[in-house]
Amino acid sequence: MQTDFNKKLQQLRKENGLTQEQLSEKLHISRTAVSKWESGRGFPNIEALKNISTLFGVPLDDLLSDGEISNIEQKDNPKNKDGPAVFIFALCDFAVLSFIVLPLYGEDTGSYIKAVNLLHYTMIPYMKVSFYLMILILSITGIFEAVVRYKGTQKLQHKIMVYSLILQSLCILLFAAAREPYATSLLFIFLLIKISFLFKKKQ
């Protein structure tokens with residue numbers, strides 16, 4: 001009968017006369033990591049598992065149960081690694097739809113400038129059309145990203161994220177050129193959020 005990984009690791013370590021600290025040195029990891037693995041409070045990644053398998057001369061199938069193997073495959077699936085970033089991209093892009101109803105645009109009344117939403121914006125008609133177009137394109141991109149998050153390939157996820165960054169950058173330039181600071185600032189914040197999640201994904 002197969003035992004859980006934490007029990008199997010502890011058994012192998014003791015059979016080979018190793019302390020947790022000695023095992024951690026051989027695996028080039030911290031002793032705390034070994035302690036967490038043996039107590040069941042943590043689980044090694046696939047590289048660490050390969051090192052353990054090589055060190056003790058035990059096949060991975062003997063170290064892990066079927067359920068543990070399945071969990072590792074899911075965690076190490078590139079699509080799952082990209083998933084959170086794609087989901088954040090989708091939220092940021094779809095959130096731009098709110099730019100239609102939020103009072104982000106300056107309307108000159110003659111004596112002062114008041115903030116209005118896009119529905120009541122009358123300053124530059126052709127610019128208003130451009131705003132609508134960019135907002136709708138970004139929102140549709142957000143919907144597409146949500147679909148790709150669950151059904152798309154890793155390659156498609158990468159492509160849609162790059163497209164989203166380019167599109168958002170163009171949108172920022174449009175609103176900046178129209179001198180709409182509130183909308184520009186919000187779009188820039190969304191862009192920073194996207195970039196921060198890209199960096200986290202690569203770590």
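**Questions on the predicted model**

Biologist: Where does H28 lie?
Modeller: H28 is a loop residue. Helices (DSSP runs of H or I, at least four residues) and strands (DSSP runs of E, at least two residues) are numbered from the N terminus. The loop that holds H28 is the one between α2 and α3 (31–39).

Biologist: What does the protein average in pLDDT?
Modeller: This is a predicted model, in which local features need pLDDT of at least 70, side-chain atom pairs count only at pLDDT 80 or more, and totals for chains, interfaces and linings use all residues. Numbering starts from 1 along each chain as its sequence is written, and side-chain values use heavy atoms, with hydrogens and water left out. pLDDT is the predictor's confidence in each residue, from 0 to 100. In this protein 88% of the residues score at least 70, and the average is 85.

Biologist: Which element has the lowest mean pLDDT?
Modeller: Among the elements, α2 has the highest mean, 92. Where pLDDT is low, the predicted coordinates should not be read in detail. The lowest mean, 52, belongs to helix α6 (residues 66–75).

Biologist: Why does H28 count as exposed?
Modeller: Residues under 20% relative accessible area are buried, those over 50% are exposed and those in between are partly exposed (1.4 Å probe, protein chains only). H28 is not a glycine, yet its phi is positive, about 60 degrees. H28 counts as exposed because its relative accessibility is 73%.

Biologist: What is the relative accessible area of R179?
Modeller: R179 sits in the loop between α9 (154–177) and α10 (181–202). R179, too, is not a glycine and has a positive phi of about 60 degrees. R179 is exposed, and its relative accessible area is 74%.

Biologist: How many helices and strands does the protein have?
Modeller: Read along the sequence, the pattern is α-α-α-α-α-α-α-β-β-α-α-α. The secondary structure therefore comes, with helices and strands defined as above, to 10 helices and two strands.

Biologist: Which residue in β2 is the bridge partner of E107?
Modeller: Two strands pair if DSSP finds at least two bridges between them. Strand β1 (residues 105–108) and strand β2 (residues 113–116) pair in the antiparallel sense over four bridges, and four residues lie between them in the hairpin, with G110 in the turn at a positive phi of about 110 degrees. For E107, the bridge partner in β2 is K114.

Biologist: Where does the side chain of S24 have a polar atom 2.6 Å from a backbone oxygen?
Modeller: S24 lies in helix α2 (residues 20–27) and is buried, with a relative accessible area of 4%. Leaving aside neighbours within four places in sequence, S24 is in contact with I29, S30, R31 and V34. The polar atom of its side chain lies 2.6 Å from the backbone oxygen of E21.

Biologist: What arc do the buried residues of α3 cover around the axis?
Modeller: The buried residues of α3 are A33, V34, W37 and E38. They lie on the same side of α3 because the arc, taken from the directions from the helix axis to the C-beta atoms, is only 130 degrees.

Biologist: Against which helices do the buried residues of α3 pack?
Modeller: After α3 comes G40, whose phi is positive, near 80 degrees. The buried residues of α3 pack against α1 (5–15), α2 and α4 (46–56).

Note on methods:
A polar contact is a pair of N or O atoms within 3.5 Å; within protein, one must be able to donate a hydrogen and the other to accept it, and residues adjacent in sequence count only if both atoms are side-chain atoms. Contact means heavy atoms within 4.5 Å.
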